[in-house]
Amino acid sequence: MSRATRRCIPVLLLACAAATSVVDAQSYTIVESVRLPAESFVGDPIELRYRVRSAVELEAPTRLPEPAWGEITSVRVVEQGDEYDVRVVVVPFEPGTLTIPPIDLSGVALDGLSFVVSSVGEDRAEVRGIFGPERLPGTRLVMLLVILAAALPLLAFLYFAGPGGAVVRRILARRQARVPYRRLLRTIDRLEKNIRYDSARDFYTLLVGALQDLMSSRLGFECRAATSTELASYLPALSAQCGADAQAADPLAAVFQTSDSAKFAGTPVRRKTRLEQLRMCRALMVELESLRRRRRRAQRSPTGRREAADVGV
């Protein structure tokens with residue numbers, strides 16, 4: 001082998017290596033590209049997604065390029081079958097068409113990529129001057145709320161110190177009068193539900209106690225310490241207070257008598273008897289309450305007309 005031939009061999013090897021490098025650098029095809037978001041401005045992060053088809057195995061670079069127009073914050077490579085999903089996140093600091101420096105993906109240089117960054121001031125047709133002081137949006141609403149916040153407590157005080165006080169007291173008295181009635185109905189519901197478990201003594205203790213509370217509220221004096229005989233003597237007055245006949249509440253006397261036998265004499269009372277007395281108490285008290293409310297409405301009405309009753313818990 002001649003000396004000239006030996007000198008040409010290194011040159012040929014270098015040429016082959018360079019050709020191989022060029023082939024590797026160009027051995028890819030960008031199938032699809034997506035930009036998120038579609039429009040952005042200076043300082044906004046942008047994600048550029050490229051679907052790359054290459055025979056060479058691609059890997060994310062260990063060192064990111066440093067462009068003069070901003071920064072490249074990350075480059076990710078995800079294998080998708082025989083293609084690769086390359087995602088580049090950039091943050092531009094200037095507007096216009098910006099070119100991404102070549103990105104080395106382990107033997108394949110992704111080159112020639114660019115994107116456009118808009119300027120915030122591009123769409124401004126003109127700049128108009130300020131003509132005097134401008135009112136901030138919502139100023140009138142804020143002023144109205146301040147006036148209402150200052151005036152409403154004063155108006156409320158004047159109202160409740162005058163005619164409103166009587167109205168409030170009347171409403172409170174009406175609500176207070178309904179409490180024992182509602183408590184009695186709830187007690188009856190509970191006793192019906194637990195009729196198999198409560199003893200006769202417990203049953204009548206709860207029932208008579210609720211009746212005594214209601215009679216104390218309607219008659220205006222204490223009935224909780226009254227005996228069964230005294231409670232029975234108050235029944236005509238209870239009927240009168242509700243606007244019913246004097247004998248309307250007389251069936252309650254049987255409840256008081258049975259209660260004494262069960263609580264003090266230990267007399268057993270059948271469940272059927274207790275259920276019948278519960279149903280009688282409910283029907284009787286609903287009727288008396290209906291008459292009472294109807295009577296109160298008739299007293300408040302200047303024409304004395306009769307209105308429909310509304311009795312409920």
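1. Trp-69 and Phe-115 are both buried (buried meaning under 20% relative accessible area, exposed over 50% and partly exposed in between, with a 1.4 Å probe and protein chains only). The model is predicted: local features need pLDDT of at least 70, side-chain atom pairs count only at pLDDT 80 or more, and totals for chains, interfaces and linings use all residues. Residues are numbered from 1 along each chain as its sequence is written, and side-chain values use heavy atoms, with hydrogens and water left out.

2. Rings of Phe, Tyr and Trp (its six-membered ring) pair if their centres lie within 6.5 Å; planes under 30 degrees apart are stacked, over 60 edge-to-face, and the rest tilted. The count by this rule is 3 aromatic pairs. One of them joins Trp-69 and Phe-115 edge-to-face, at 5.3 Å centre to centre and 80 degrees between the planes. Trp-69 lies in the loop between strand E2 (46-54) and strand E3 (70-80) and Phe-115 in strand E8 (residues 113-117), so the pair ties together parts 46 residues apart in sequence. Strands (E, at least two residues) and helices (H or I, at least four) are DSSP runs numbered from the N terminus.

3. Phe-203 and Tyr-204 also form an edge-to-face pair, 4.8 Å centre to centre with 80 degrees between the planes. Phe-203 is buried at 0% relative accessible area, and Tyr-204 is buried at 0%.

4. Ser-239 is found in helix H5 (residues 228-241) and is buried, with a relative accessible area of 0%. A polar atom of the Ser-239 side chain lies 3.1 Å from the backbone nitrogen of Ala-249. Leaving aside neighbours within four places in sequence, Ser-239 is in contact (heavy atoms within 4.5 Å) with residues including Ala-244, Asp-245 and Ala-249.

Notes:
A polar contact is a pair of N or O atoms within 3.5 Å; within protein, one must be able to donate a hydrogen and the other to accept it, and residues adjacent in sequence count only if both atoms are side-chain atoms.
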